[in-house]
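Trainee: Please take one chain and go through it closely, for someone who has not seen this model before.

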Amino acid sequence: MSGQEAPGAPAEEPRARVSVARWAADLAMGGRFAVTGGRESWARTIMTAVGVGLGVALLLLASSVPTMYQQRNERGDARSALSFGDEVKPGPDTLRLANAGTTYRDQDINGMVMAPDGKGTPPVPPGIDRIPAAGEMWVSPALKDLLGSDEGKLLRDRFPYRTIGVIGDSGLSGPAELTYYAGISQKAFGHVNSQYHIDHWGTEKQGKDEPLDPALLLLIIVGCVVLLLPVLIFIATAARFGGERRDRRLAALRLVGADIHMTRRIAAGESLFGSLLGLAVGTGLFLLAREIIGSIEIWDISFFTSDIVPSAPLALVIAAAVPASAVVVTLIALRGIAIEPLGVVRNAKPKRRRLWWRLLLPLLGMALLLPLAGGFGAGSGGGNMKAYQAAAGAVLLLIGITALLPWVVEAVVERFGGRGSVPWQLATRRLQLSSGTASRAVSGITVAVAGAIALQMLFASVGAQDREDTGQDPNRAQLIANVPVSDGDQARDAFARYRATKGVRDLLGVTEDYVSDVRHSKDDPTSVPEEAITVADCPTLREVVRITSCRNGDVFLVDSPSYYGEEGGFAKPGAQVNLAYRDDRTPDLRQKKLWTIPRSATKVKPRQDPTGSERTGIFATPGAFDIADLPDPGASAMIRLDPKVPDGVEYVRNTSAALSPAMDVMRLTSTSQSDEFQVIRKALFIGATATLLLIGASMIVTTLEQLRERKRLLSVLVAFGTRRTTLSWSVLWQTAVPVVLGLALSIAGGLALGVMLLKMVGQPLAVDWTGLGTMTGVGGGVILLVTLVSLPPLWRMMRPEGLRTE
Amino acid sequence: MTPTGSLLIATSLHKTYGHTPALDGADFSIHPGEVVAVMGPSGSGKSTLLHCLAGIVKPDSGSVHYNGRELTAMSDTERSGLRRGEFGFVFQFGQLVPELSCVENVALPLRLNGTKRKEAETRASAWMERLEVADVAHKRPGEVSGGQGQRVAVARSLVTGPRVLFADEPTGALDSLNGERVMELLTEAARESRTAVVLVTHEARVAAYSDREVVVRDGKARDMAGVR
């Protein structure tokens, strides 16, 4: 009798006082129906359990994020070598340290080289038993694996140390972290640029935690809403799986004497059982996901399985809210139908959806967000009230979009009429008859896409500001290495070794130091004017100053900025300069070492070198100045790589490591953007895609359920010769119409929220068309996926066997 | 009745579902414009015979000739085309598409054959008029009575001008008054358009509208022409 005309709304029976025992008995009976109806019942219960379980697993993972980061940060703090106090002087119990991180084929490797300052007991970093002696190293498990693999063959040359052990979990931020602690001699520290001493590991928290950057806080709030709201919607959809069949079963119960309230309680019991099973499935999936997360690394971030623990209060909320919401959703769904003893009577003409309260929600959201314009800009305090207001505004706006969707779908499909092809007619008529199911399934997509679009806008705008022009020119040189040298010979030697490195096509090597003014023989050496002196061959000098001709033996001068006084710098043709420096890097005024700038020296203009820097002072060719005369030179090698040699940069890094254990090579890039923004953008995209797939899964289940309900009708359609393609297209349209409408609404809502967010952080308005296109594309992909997955069962159900009744 | 001049002839049909034989050497024939009632107890194989005759189900063995063509040798697409163009169907229940209006339901076979919507609905309206259900044309199946729904289904089965109409317990879900009216209209319309009707029923009252009866028992069909 399903689908029969309602003879009028059946009169509700007066609500009798129902004892707790009655409630419990009815709920338990519902629970029994969830499993005792044979394969059909189990299939429905399992579908609900898996659906709810997927949502619960995601919620549990989300609730574990705070713990994951807390644990990670605590370990990071415990092994930090930064100290906020006075500089530590070397002593018997101190450790000399230098950062020796490197990069291998886009994988960052953290590392430190160290040597005890005395014979005492220097502090040992977490995760290892003792300080490595010179030539020894501790490695993380991931680095050990990498070094032992074929993939890491080239990397092995960079670590001339004997591995003495593996760093324990307490010394790692995550299981996939590549890190090492290597021991080097005190003498080897002579070739290390930046070094310091420590007397303990770990940073103590300085008072209260720094408040989060307000813009970041806003991102987190909206991000959570965007990713979790669809999950909640999905759980609500999953709780309604198999609803039509259940309603018919309840009608049979009415026939044997169950009253309306009883049937509702039984239905609630059935949902409750499914959702409780879903909680169990979700916990299982979460535990499985935990193991998987513990073994993978995404964008250099990995977590130990033991870090992934849901926050207790949040876990409790999930455990209570999921079954409760399943029951509430079921009871709400039952409101629209009357289960009569002879069948289920759906209200023939469902009430027209009202627009006013659906519009009210997003408008209220906007009203909350508008006053916050500029309130989350840099430097503005991110007060708690503001954060709550922003969160409430974003949630209302996004929920408002989902509330608007059923109205929009209904209003649009109503206008379709009966025109179009048969598949189109079948699909639109189906939607006209019950657009609610389709809208519910799509509403999750709407929130995810709207939120993702808004956040992409925010990222694109903030990211564009964050993306800085570095001034570097990767066309002129691709790498730069600042080589620690103690004299000119070492610089020459380093350049020669780089030149001989595989993959290096050319090298611009500059050796630099300072000279001081001899005319100021004051007692205070710190006030003596100084000028830079750069020694390089002619091809290199052409890259750092504007010169038309150059021969070995030439000297060029570039005026320093005017802070030396009106007469400019002291470095002029024929002028004498002092090359002598004391150990504390101040000019030695007592034992001067003089050099006269040749009178032939010509004044030239500076030129930005490939790193984007402009140099001033004296520029000499090796024929005019012997770099052996420089007391404490610095050497920079700007390297041009041969693009035909793969891994050229890795060979250069290996050469650098051989020159100095703590030296890294920097890649030149024309723009730079902080990694965090790129990571968050990718994470958001992945999250939104995962959510869309989840919604896609629920749409597949809904479509399959609809098809199963219509098994006999499909067989009849086949009997009078309906083509497979006709029905396939009708399934496609039936999915596509609500999804397209949902996407249109989410684009509008997403853009509105995006504009609000940008106004709040005080950024210029910009639409991330690529992000918008991608998200829309993913939405379209979901339509196709749902249709494709629905086709095999559709075709299976289109067999004439469905006509058999015996 | 001999198969000479028959429109549809089935010979020695065998069909088994799992281990249960549904047809065990059934023969059948029907002439243009003839109404043949296929009778028999529940589970005797009447519906299976109808499905085999209509090319919905392929028999395990035996042959079905329609207008000189062997149905069992046809591909699924060819059989589907035949069902769309030359056969009509009425079933006991669950046959109208609930989301389409009654007139759209009746027009559906025409539209599946490529007829334009307007023309299809005009022809559908004419048939609905003839079957006395014009007043429910724009209602949905869920909004009409069982008898009206069945008459809509008959209109749909005849709208393409089929040469054979297959009716499987067409009045099974109706009361006697409604059932008789449906049968009157169905047979009247079929005879006028010289449509052969294969009428599966277990009710003698319904079978009375036929020209000839075939009884199916244990998967075998026996022509009752001489018995009657």
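**A close look at chain B**

Mentor: In chain B, 71% of the contacts between residues at least 6 apart in sequence join residues at least 24 apart (two residues are in contact if their C-beta atoms, placed from the backbone, lie within 7 Å). This is a predicted model, in which local features need pLDDT of at least 70 and side-chain atom pairs count only at pLDDT 80 or more, while totals for chains, interfaces and linings use all residues. Residues are numbered from 1 along each chain as its sequence is written, and chains are lettered from A and ligands numbered from 1 in the order in which they are written.

Chain B has 228 residues, of which 52% count as buried (20 or more other C-beta atoms within 10 Å of the residue's own). Its elements are seven helices and 10 strands (DSSP runs numbered from the N terminus: H or I of at least four residues for helices, E of at least two for strands).

Chain B also touches chain A, and 27 residues of chain B and 26 residues of chain A take part in that contact. On the side of chain B, two or more residues each come from helix 1 (46–53), helix 2 (76–85) and helix 3 (102–112). Helix 3 of chain B gives the largest share, five residues. Sorted by class, this side of chain B has 11 nonpolar, nine polar and seven charged residues (Ala, Val, Leu, Ile, Met, Phe, Trp, Tyr, Cys and Pro count as nonpolar, Asp, Glu, Lys and Arg as charged, and the others, Gly among them, as polar).

Note on methods:
Buried ≥ 20, exposed ≤ 12 C-beta atoms within 10 Å, placed from the backbone.
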